[in-house]
Amino acid sequence: MEEEDGYFGESIAATYDESVADMFLPDAVDPAVDVLAQLAGDGPALELGIGTGRIALPLARRGVPVHGIDLSRAMAARLHAKPGGDAIGVTIGDFATTRVAGTYAVAYLVFNTINNLTTQDAQVACFRNAAAHLEPGGCFVIEVGVPDLRRLPPGQNAVPFHISPTRWAFDTYDVATQAMSSHYLTIVDGRAEHSSIPFRYVWPAELDLMAQLAGLRLRDRWEGWARTPFTSESNQHVSVWEKPSD
């Protein structure tokens, strides 16, 4: 870990966009931006964990003013170097607790970023922080996977999610604490390089309780940004909680 920027320092930021290139394709970006733009309406949006601007930049191009919070200066520098990036303000800090000026029509956390907060206390604080930034009637949106524990037979704690000739990736789980880590093994010039990032997985019902503690109420839950129904077979969800206007 690079202390100043957490787990997303220069070594990660330099190749981040390429490492998740599929998530930058229109099929992945446009449906998310459609939903967020509709929720924002004429109001501004706050992205928690804005990163290199995968969602913020196209959302801003839709005419939605976007501000971001991110711990990583290296990731924010990549955002600001992109066309239109200089118009997006970024506050450097922990998105669970960092406050910025103003109120927002929508706050959002995408691509499993809630799991980057590795304690339940931090995740609860994040909901409270998001709620504090919302105007009455505003929404907090999270996109996150459903914990993949159904793939863990007794005695196993690892689930692979990428296998190729030069790269292997797998998640490890501690079901007693909800701690997990993503591990990446990459072959570079004939040598193996290993990196890992810790997470805390969280269940949909647990998120709903966190929202309730923050004074928010569930408005919608879908399997994805296309708003297909969330079912017991869904491996991810997009959830929308609303701040009451009364």
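User: Is Arg227 buried, exposed or partly exposed?
Analyst: The relative accessibility of Arg227 in this predicted model is 36%. Burial requires a value under 20% and exposure a value over 50%. Because 36% falls in between, Arg227 is classed as partly exposed.

User: Where is Arg227 found, and what is its phi?
Analyst: Arg227 belongs to the loop between strand S10 (217-222) and S11. Although Arg227 is not a glycine, its phi is positive. The value is about 70°.

User: Where is the place of Asp189, and is this residue buried or exposed?
Analyst: Asp189 occupies the loop between strand S8 (179-188) and strand S9 (191-200). Phi of Asp189 is also positive, near 50°, in a residue other than glycine. With a relative accessibility of 78%, which is over the 50% cut-off, Asp189 counts as exposed.

User: Which residues does Phe199 touch, not counting residues up to four places away in sequence?
Analyst: Phe199 lies in strand S9 and is buried, because its relative accessible area is 13%. With residues up to four places away in sequence left out, Phe199 touches Asn115, Asn116, Thr118, Gln178, Ala179, Met180 and Ser182.

User: How many Å apart in space are Phe199 and Thr118, C-alpha to C-alpha?
Analyst: Thr118 is one of the residues that Phe199 touches. In sequence the two are 81 residues apart. In space, from C-alpha to C-alpha, Phe199 and Thr118 are 5.2 Å apart.

User: How many aromatic pairs does the structure hold, and what kind of pair do the rings of Phe8 and Tyr16 make?
Analyst: There are seven aromatic pairs in the structure. In the pair of Phe8 and Tyr16, the ring centres are 6.5 Å apart and the planes stand at 75°. Phe8 is partly exposed at 22% relative accessibility, whereas Tyr16 is buried at 17%. Since the angle between the planes is over 60 degrees, the pair of Phe8 and Tyr16 is edge-to-face.

User: What is the centre-to-centre value for the aromatic pair of Phe127 and Trp241?
Analyst: Phe127 and Trp241 form an edge-to-face pair, with 75° between the planes. From centre to centre, the rings of Phe127 and Trp241 are separated by 5.1 Å.

User: How many residues apart in sequence are the parts that the pair of Phe127 and Trp241 ties together?
Analyst: Phe127 is in helix H6 (residues 120-133), while Trp241 is in strand S11 (residues 236-242). Phe127 is buried at a relative accessible area of 0%, and Trp241 is buried with a value of 0%. The pair therefore ties together parts whose separation in sequence is 114 residues.

User: Which residues do ring pairs link into a cluster with Phe127?
Analyst: Phe127 and Trp241 already form an aromatic pair. Ring pairs link Phe127 into a cluster with Trp241 and Phe140.

User: How far from a polar atom of the side chain of Asn129 is the backbone oxygen of Phe95?
Analyst: Asn129 is placed in helix H6 and counts as buried, because its relative accessibility is 6%. Asn129 touches Phe95, Ala96, Thr97, Thr98 and Arg99, with residues up to four places away in sequence left out. Between a polar atom of the Asn129 side chain and the backbone oxygen of Phe95, the distance is 3.0 Å.

User: Which residues make the nonpolar surface patch of about 280 Å²?
Analyst: One member is found in strand S6 (residues 158-163), namely Ile163. Ile163 counts as exposed because its relative accessibility is 65%. The patch is made by Ile163 together with Trp168 and Leu185.

Technical notes: Residues are numbered from 1 along each chain as its sequence is written. This is a predicted model: local features need pLDDT of at least 70, side-chain atom pairs count only at pLDDT 80 or more; totals for chains, interfaces and linings use all residues. Side-chain values use heavy atoms; hydrogens and water are left out. Patches are made of residues with over 30% relative accessible area and no salt bridge: like charges are joined within 9 Å, nonpolar side chains (Val, Leu, Ile, Met, Phe, Trp, Tyr) within 5 Å. Accessible areas come from the Shrake-Rupley method with a 1.4 Å probe; for residues, only the protein chains shown count as cover. A salt bridge is a side-chain nitrogen of Lys or Arg within 4 Å of a carboxyl oxygen of Asp or Glu. Helices (H or I, at least four residues) and strands (E, at least two) are DSSP runs, numbered from the N terminus. Buried means under 20% relative accessible area, exposed over 50%, partly exposed in between (1.4 Å probe, protein chains only). Rings of Phe, Tyr and Trp (its six-membered ring) pair if their centres lie within 6.5 Å; planes under 30 degrees apart count as stacked, over 60 as edge-to-face and the rest as tilted. A polar contact is a pair of N or O atoms within 3.5 Å; within protein, one must be able to donate a hydrogen and the other to accept it, and residues adjacent in sequence count only if both atoms are side-chain atoms. Contact means heavy atoms within 4.5 Å.
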